[in-house]
Amino acid sequence: MAIMLGFTAGVGLIEGEADAQDMKTEPEAADSAIKLPAVRVRAEDTSHEIPNTNEITLGIGRMPTTVRETPQVINVVPQEIIKEQRLYTLDQALANVPGITLSTGEGRGGLNGDQFRIRGQQARGDVYTDGLKDFGTYTRDIFDIENVEVIKGPAGEYFGAANLGGLINETLKKAHAGTSYNYDQAFGSASLYRGQADVNYGINDNIALRINGMYNQSGVQDRDYVFSNRYGAAVDLGVGLKSKTSWHLNWRWLHTDSIPDYGVPMILKGGVYRPITSEGLNRNTTYARSADRDNSDIHSLTSSLKSEIASWFTLTNNTRLTKYERNYSATTPGACSTTACVNEFMAGGNPLFPYGAGGGVAYLSKGWGAENVLMGNARFHTGFVRHDLKFGVDINYQDENRYAGTWYNRNNNQTLRNPSHASNGAYVRFPRSQMANADQRDVGLFVSDHIQLTKQLALFGAVRWDAFQSTFAGYQISATVPRQKQNADRWSPSGSVVYSPFDASSFYFTFSRSYKPIGTDVSSQVMIQPSDRAQNGADFKPQRSDLFEFGNKTDFFNKRLGMGIAFFQINQNNSYYYDESGDVVTGFSDSGVGLRTRGVELSLSGKITKNWDIYGSYSYMDGRITHSAAYNGNQAPGVSHNNFSVWSSYNVSDHLLNPGWGALKVAGGAQYASAYWANGNFANTARIPYQFSLNGMVSWEMKHYRVSLNANNITDHLNYASSFSTGRAVPGPGRSFIGNVGLTF
């Protein structure tokens with residue numbers, strides 16, 4: 001700590017000396033000569049450099065303006081990283097964020113799609129877009145996304161119910177002044193064929209229209225018989241772009257037509273389950289069948305209104321309406337755990353494939369969701385104290401009908417080594433008698449204040465009150481229940497102290513608390529067991545998560561390079577629920593336990609030199625199970641002790657090209673996560689090996705044209721994209737290549 005303080009002080013002195021030197025010149029002339037060209041150059045070159053993520057604007061009105069001003073860890077995957085690495089889906093982008101693991105689950109198929117754990121805490125349903133809920137469970141394509149932000153730790157004071165370990169926010173591409181045309185065409189391994197267009201048309205100085213479109217056809221490298229076809233469009237109309245009142249209306253559509261990959265079985269050896277592909281099964285082996293499918297349509301309409309009513313007061317109103325439908329079926333592996341299966345496989349034999357979930361999950365979901373956030377922002381003084389007060393109301397509602405599928409003519413007769421992908425006439429139906437309905441509504445009132453006591457000392461305080469209600473009726477595993485209802489009213493507070501000894505450095509301490517009532521995961525798990533859905537008369541206690549965090553955020557080189565360091569602890573209680581008699585009812589997903597995760601996280605991003613950019617982060621986490629007679633003291637599942645991600649790019653044009661021959665850039669990096677216990681495995685009996693991927697890129701851009709080549713997982717390491725307890729794990733892609741050509745006008 002002393003070293004960090006001394007280092008920060010040195011940074012402050014260096015900046016102070018620089019400022020003093022600047023003041024020796026004529027101030028007005030210096031400002032006009034330096035600042036205006038800097039703004040112009042950055043505007044032109046934004047797509048060519050990795051930014052200092054501390055300075056990124058979040059675009060979520062009820063939070064502090066920038067990452068730097070937020071006293072909490074926020075990892076940002078900026079647009080330049082998305083472009084350089086050729087990232088197409090949300091899970092690909094989040095591979096750059098340490099401490100995130102994916103889960104493949106059951107839940108009538110509801111736990112597939114984008115289902116994440118952040119620092120070992122469940123984050124299903126905690127995906128947002130521009131600060132509003134992104135309703136539905138599906139694989140998200142990021143063709144119309146500017147940045148991806150991960151807010152680490154409880155954030156109930158801003159977002160309400162759930163958000164125990166953090167949340168994921170996507171920032172939409174919005175219409176802006178001017179006219180531009182961009183198109184990229186990619187070809188790659190596993191029959192990748194992708195086109196992506198981004199057109200911004202300035203109607204006049206105040207009105208613009210931005211259109212994004214995408215089509216994607218691809219398989220998965222070294223995974224047979226699985227593919228993902230996606231088509232999407234997004235239109236954003238911006239009005240009042242240079243006015244005190246602005247409005248954006250955004251429509252998004254995403255269609256998916258895929259065969260899902262539920263992975264391979266775990267095999268029991270020496271008392272520990274491990275992925276069978278790590279014990280000799282060919283990594284390209286899949287068990288998907290021709291009747292499997294993941295077909296979805298997501299439509300979303302978002303209105304964002306912002307008005308500066310007075311110099312000291314701004315009013316915003318953001319509204320979203322989403323309608324989604326998903327038709328899903330998948331072949332589900334089970335563990336190879338019997339003596340006969342293990343011995344036959346290890347001897348080179350070909351035993352029958354072990355199935356889970358009766359051989360395959362199947363469901364049809366039809367749902368919709370709506371949210372409106374109305375907020376006022378007042379900036380004023382009380383004596384010498386400056387206030388930035390935000391207050392408002394957040395109302396959201398979600399409703400879903402889910403039909404459990406019934407298979408006909410299905411034969412579970414595949415083998416482990418040579419599975420057949422033919423369904424042989426099997427088909428699935430979704431009878432109305434097996435339909436369940438779940439809904440949830442949340443009314444939240446929130447207020448926060450940023451109190452600037454002195455130039456160096458500030459206080460943050462926020463509190464939110466939520467009135468949450470969930471209901472459930474209909475089919476539940478094998479029975480039908482009448483309408484059930486559950487209420488939960490809770491306060492979610494947070495408080496922070498921020499000390500900034502220099503303009504470019506700040507230290508903070510934060511405490512925050514979030515609650516997650518039963519029934520918040522309408523689209524990701526429609527209450528398959530009584531302990532996971534509303535019950536009349538039951539006094540279910542919401543899960544509670546408390547964050548304690550101390551950190552520092554510092555900028556270098558006139559804010560071109562940013563660093564962050566944070567020490568944190570998250571305590572989660574009530575991962576189980578209580579019935580009306582006070583007895584513990586074990587939940588399906590978290591097995592009636594509490595979790596405690598503590599660790600440290602470091603990040604560095606921006607420009608080291610004129611031509612050298614860096615983007616990296618590291619986290620160490622120690623997760624433990626608490627409040628459990630059976631598992632107390634065990635390591636928390638889904639928590640990898642050591643995680644890092646680093647990406648660095650260098651513009652070699654000055655060394656290799658003559659002036660006027662464009663920009664030549666080389667880049668590379670690695671992602672690593674140490675071995676961890678599989679998601680949902682509280683007994684610590686299912687181990688996922690360490691993950692490692694070495695990646696590289698070379699690109700050349702000249703005037704309107706660009707060409708790039710990416711190589712991913714260069715060492716061809718056997719990684720695992722997700723896992724589920726002792727049952728199964730999904731192998732990740734092998735070595736792959738992506739070529740891209742693009743045009744800009």
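Does Asp 546 count as buried or exposed, and at what relative accessibility? In this predicted model, Asp 546 has a relative accessibility of 5% and therefore counts as buried, since the term buried applies under 20% relative accessible area. The salt-bridge partner of Asp 546 is Arg 513, and the closest N and O atoms of the two are 2.7 Å apart. Arg 513 lies in strand E25 and Asp 546 in strand E26, so the bridge ties together parts of the chain that are 33 residues apart in sequence. Arg 513 has a relative accessibility of 21% and so counts as partly exposed.

Side chains of opposite charge can pair when their charged atoms come close. A search of the whole structure finds 30 salt bridges. One of them joins Asp 184 and Arg 86, with an N to O distance of 3.8 Å. Asp 184 belongs to strand E9 (residues 180–188), while Arg 86 sits in the loop between helix H3 (79–84) and helix H4 (90–94); the pair therefore ties together parts that are 98 residues apart in sequence. Asp 184 and Arg 86 are both buried.

A further salt bridge is formed by Arg 210 and Asp 198, whose closest N and O atoms are 2.7 Å apart. Arg 210 is in strand E11 (residues 207–220) and Asp 198 in strand E10 (residues 192–202), and the two are twelve residues apart. Both Arg 210 and Asp 198 are buried.

The structure holds one disulfide. A disulfide is a covalent bond between the sulfur atoms of two cysteines. Here the bond is formed by Cys 336 and Cys 341, with their sulfur atoms 2.1 Å apart. The torsion about the S-S bond of Cys 336 and Cys 341 is about -120°, and the disulfide is therefore left-handed. Cys 336 and Cys 341 are both buried.

Open space in the structure was also examined. Rolling a probe the size of a water molecule over the atoms shows where empty space is left. The second largest pocket has a volume of about 850 Å³. It is lined by 41 residues, of which Arg 68, Glu 69, His 450, Gln 452 and Ser 500 are the closest to its centre. Among the elements that give two or more residues to the lining of this pocket are helix H1 (2–23), strand E18 (355–382), strand E19 (385–404) and strand E22 (435–452). Strand E23 (457–476), strand E24 (479–502), strand E25 (505–516) and strand E26 (543–556) also give two or more residues to the lining.

Strand E18 also contains Trp 368. With a relative accessibility of 37%, Trp 368 counts as partly exposed. Trp 368 and Tyr 324 are 44 residues apart in sequence, and their C-alpha atoms are 6.0 Å apart in space. Ala 566 lies in strand E27 (residues 561–573) and is buried, with a relative accessible area of 0%.

On the surface, a nonpolar patch is formed by Tyr 181, Tyr 183, Tyr 201, Ile 203, Tyr 705, Leu 743 and Phe 745. Together these residues have about 700 Å² of accessible area. Leu 743, one of the residues of the patch, is found in strand E40 (residues 736–744). Its relative accessibility is 35%, so Leu 743 counts as partly exposed.

The backbone was considered last. Most residues other than glycine have a negative phi, and most peptide bonds are trans. Asn 684 is not a glycine, yet has a positive phi of about 55°. Asn 684 is placed in the loop between strand E34 (676–677) and strand E35 (687–688), and counts as buried because its relative accessibility is 15%. Asp 716, likewise not a glycine, has a positive phi of about 60°. Asp 716 lies in the loop between strand E37 (705–712) and strand E38 (720–724). At 26% relative accessibility, Asp 716 counts as partly exposed.

Definitions and conventions. Residues are numbered from 1 along each chain as its sequence is written. This is a predicted model: local features need pLDDT of at least 70, side-chain atom pairs count only at pLDDT 80 or more; totals for chains, interfaces and linings use all residues. Side-chain values use heavy atoms; hydrogens and water are left out. Patches are made of residues with over 30% relative accessible area and no salt bridge: like charges are joined within 9 Å, nonpolar side chains (Val, Leu, Ile, Met, Phe, Trp, Tyr) within 5 Å. Accessible areas come from the Shrake-Rupley method with a 1.4 Å probe; for residues, only the protein chains shown count as cover. A salt bridge is a side-chain nitrogen of Lys or Arg within 4 Å of a carboxyl oxygen of Asp or Glu. Helices (H or I, at least four residues) and strands (E, at least two) are DSSP runs, numbered from the N terminus. Buried means under 20% relative accessible area, exposed over 50%, partly exposed in between (1.4 Å probe, protein chains only). A disulfide is a pair of cysteine sulfur atoms within 2.5 Å. On a 1 Å grid over the protein atoms alone, a cavity is a set of points where a 1.4 Å probe fits but cannot get out, and a pocket is an open set with protein on both sides within 12 Å along at least five of seven lines; lining residues have an atom within 4 Å of a point. Grid points are joined across faces, edges and corners, and a volume is the space filled by probe spheres set on the points.
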